[in-house]
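Here are a few notes to read alongside the model. Take a look at it first, then work through the points.

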Amino acid sequence: MHSQIKVKSRIKDYSVNFVNLNEIYKLIGEDYHLAVVDKNVAHCFPKFGLGDLIVIDTNEDLKSWRGLEKIFDKFAEKKVNTQTKLVVIGGGVLQDAVGFCASVYCRGIEYYLVPTTLLSQIDSCVGGKTSINYGSRKNILGTFYPPCEILICEEWLDGLSREDFCSGLGELFKFDLLRNRIQFSSINNILDNKKTLSEDIYESLLYKVHFLEIDEFDKKERKFLNFGHTFGHALEITSKYKLSHGYAVIIGCMIALNISKTMFSYNESDYQISLELAKKILGNTVSVEKSWFDYESLMECVMSDKKNTGCVNMVLIKNGQPIVQKIEDYSIIDKALKEVYESI
Ligand SMILES: NC(=O)c1ccc[n+]([C@@H]2O[C@H](COP(=O)([O-])OP(=O)(O)OC[C@H]3O[C@@H](n4cnc5c(N)ncnc54)[C@H](O)[C@@H]3O)[C@@H](O)[C@H]2O)c1
């Protein structure tokens, strides 16, 4: 088992530690440490039924103004102050919302992150981004506020539903495409229970950390990690969040690949391999609705995304490498949406 990844940050350096559950129980027991726990995790692990903790029911709605009020109310109830160290135990939603609150409450309180979903272990836990949605705009309010430490324990993943587990594979799918190694993807073996995840979690985090250390504030190279997210975020909105983040990213990746095929002759055989893998991950748990792919609605979301200002900039693959590309001919997008909807 790997033990640690160190992350250099302009805000403060921190580390990702690979631990077992006992070390997390110990952390919660420390003075001034207050655990904020996803309700589904508290339920799965009765040991967390003891002690002082805040249990929160999570879904994408938590990442809203109303959701923040709920969290701030709990902070006030538990008398959270500048001495308090929060231990946030949950998936990407809890991390984004409580991380945001921690960054502004008392002008910033310390927090530790214990990611409990595959998506949050493989991707969202590093990078220091906190965010909430506002109106119909996804992740539009946010801060860069890294935790003191991230503690990864794979045991949490045993409790995940098949849908949440497969959603987490969405970010691994994205990394495999970005690294131009979709032919060698381990996702097939993971889905067939022929492989454990530790190596993939470690490698995905290392890959992301490389981009964070050269462009922490998302001005240049880190934008490549947005691959699949332009239409992924838009699909989350048009589906009213029925499509979970990882699944939306998978479909968003297929749309970006389809456009890469039209504009930059992305390899047809890699496209077909990616499509088969995408379908295998989506499996029977997701039934995609045609209305979510409505061109006008999706384009409205894409145009108001924070990474676009009245035009479509998206990450594509050219000659095996990611690039940020402005799309001028929208008929290419229209064609990609239709083809991906019909094939997925
Ligand atoms: N900050 C970032 O850099 C970043 C990066 C990628 C995604 N995100 C955000 O992450 C969010 C998605 O995160 P997610 O996929 O982890 O979803 P999530 O946090 O909603 O978790 C999915 C479901 O799993 C449950 N759950 C969590 N841990 C569990 C466990 N161990 N056992 C059983 N159930 C468990 C949750 O209660 C929830 O119902 C999106 O809002 C996305 O925008 C943020």
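1. Start with the make-up of the ligand's surroundings. Sorted by type, the residues of the shell around the ligand come out as seven nonpolar, 15 polar and seven charged. Keep in mind that this is a predicted model.

2. Which residues are the closest to the ligand? They are Gly 91, Gly 92, Thr 117, Ser 124 and Gly 159, out of 29 residues that surround the ligand. As for the elements, helix 2 (39–44), helix 4 (92–104), helix 5 (118–124), helix 6 (162–178) and helix 10 (245–264) each give two or more residues to that shell.

3. Next, the domains. The protein chain is assigned a domain 1 (5–158) and a domain 2 (162–343). Their centres, taken over C-alpha atoms, are 26 Å apart.

4. Why does the ligand lie between the domains? Domain 1 (5–158) and domain 2 (162–343) both give residues to the shell around the ligand, so the ligand lies between them.

5. The domains also meet each other: 24 residues of domain 1 are in contact with 29 residues of domain 2. On the side of domain 1 that touches domain 2, strand 1 (4–7), helix 5 and strand 8 (137–144) are the elements that give two or more residues. Helix 5 gives the most there, with five residues.

How values were computed:
Residues numbered from 1 in each chain as written. Predicted model: local features only at pLDDT ≥ 70, side-chain atom pairs only at ≥ 80, totals over all residues. Near = placed C-beta within 6 Å. Helix = DSSP H or I, 4+ residues; strand = E, 2+ residues; numbered from the N terminus. Nonpolar A, V, L, I, M, F, W, Y, C, P; charged D, E, K, R; others polar. Domains from an automatic or database assignment. Contact = placed C-beta atoms within 7 Å.
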